[in-house]
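Please read them with the model open.

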Amino acid sequence: MISRSAVRIQHARIASRPLLLTRSNTAVNFSTALSSSRASQKSPRPAVEQPYVFARSLASKPTPPPEKTSKAPAEPTVSEEDGPSLAPLPILPRALGVSKPPSAEPRSWQEKKEEMLDREKHLEKRKFLIKQATSGYFEDFHKTMHGGHGGKMWIAPKVLIREDKALYFPDVAGKNLLGDQVHTTTLCKGNVSVVAFLSTQVAEEHVNSFTKFVLAAYTSDPKFKFVQINLQENPLKSAIVSLSRSSIKRTIPQEFHETYIHSSQNMEMLRKPLGLENKHLGFVYLVDENLKVRWAGCGYAKDEEAVYLMELTNKLLQRLQGEGEAKKDGPSEKGKEKQ
């Protein structure tokens, strides 16, 4: 009989034999598969060139010529750094001024009361306060320096504004270089006047660019007035200008001392009607004998704008002189016949 130990040894030998799996009647020996996979791993890999050899081979290869395309070359584009293209300025789009005729007399209590109860006036003040609250302190400065065209807002027209469409120039009060209290209404009434607003040295240059031709031609005409308004709404700036009045006298010709006005009048509600929407610009108005604004310009004048001002001033002076001569001659012949 076979002992139990012999049986155990026999079972251990059978377990140690390679396991054979049959699939589709095909025996696969795992040991054979393992040996074949090890052999494949030990197969030599392809040699890789050294970096400097690879770079030298690339340098020796000729570069292919660029392919010819039938596409047209792209047009050059303007970047934002080159600056945006400036749109041309419009010609003065509307008549400037106020609807009511001005007066040099102080307002009565009745007029003040009517203004206080006027609903439209309150709405205008409300719009003005909203605009002031939403605009920055340096807004006018940025418009002048970075807004394009040096802050200039329109081109002056080459024709007069029609008399029936023209509006009135408001009354501005102040002291002239002789120390007298004057009003623009009394200075301009019955005369052809060029009225200029200037608050800064840059504004003075703007005004000079407009008036260089008209002053040379019509300063000696008794019906011509050149009114300069040095407007300083800030009390501190106004005090400084008052202290420097003697130095201003030396720079202004003597014939303009009477019509050079230093004013601290509050013009905030009149800025939009007059187009005074930038405090750093100079503004020039041509006012007829009835105190109506017939022409206006702002900023640096182009040469043709200065010529327009001279020609239109001449036209108004001729009309005024013609009306004066007609009045001197008395009634016409038809009028005499009727009498």
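Which residues is Gln 228 in contact with, leaving aside its neighbours within four places in sequence? The points below take this up, then turn to a pocket and the cysteines.

1. Contacts of Gln 228. The model is a predicted one. Beyond its neighbours within four places in sequence, Gln 228 is in contact with Ala 196, Leu 198, Ile 252, Phe 256, Thr 259, Tyr 260 and Ile 261.

2. Setting of Gln 228. This residue is found in strand E6.

3. The lining has 20 residues, and the closest to the pocket centre are Leu 198, Glu 204, Thr 251, Ile 252 and Tyr 260. Leu 198, Ile 252 and Tyr 260 are also among the contacts of Gln 228.

4. Helix H8 (201–218), strand E6 (224–231) and helix H10 (245–251) each give two or more residues to the lining of the second largest pocket. H8 gives the most, with 5 residues.

5. In the second largest pocket, 10 lining residues are nonpolar, 9 are polar and 1 is charged.

6. Cysteines. Are Cys 188 and Cys 298 buried or exposed? Cys 188 has 1% relative accessibility, so Cys 188 counts as buried. Cys 298 has a relative accessible area of 0%, so Cys 298 is buried too. A search of the whole structure finds 0 disulfides.

Conventions. Residues numbered from 1 in each chain as written. Predicted model: local features only at pLDDT ≥ 70, side-chain atom pairs only at ≥ 80, totals over all residues. Heavy atoms only, no water. 1 Å grid on protein atoms, 1.4 Å probe; cavity = no way out; pocket = protein on both sides within 12 Å on 5 of 7 lines; lining within 4 Å. Helix = DSSP H or I, 4+ residues; strand = E, 2+ residues; numbered from the N terminus. Nonpolar A, V, L, I, M, F, W, Y, C, P; charged D, E, K, R; others polar. Contact = heavy atoms within 4.5 Å. Disulfide = S-S within 2.5 Å. Buried < 20%, exposed > 50% of the residue type's maximum accessible area, 1.4 Å probe, protein only.
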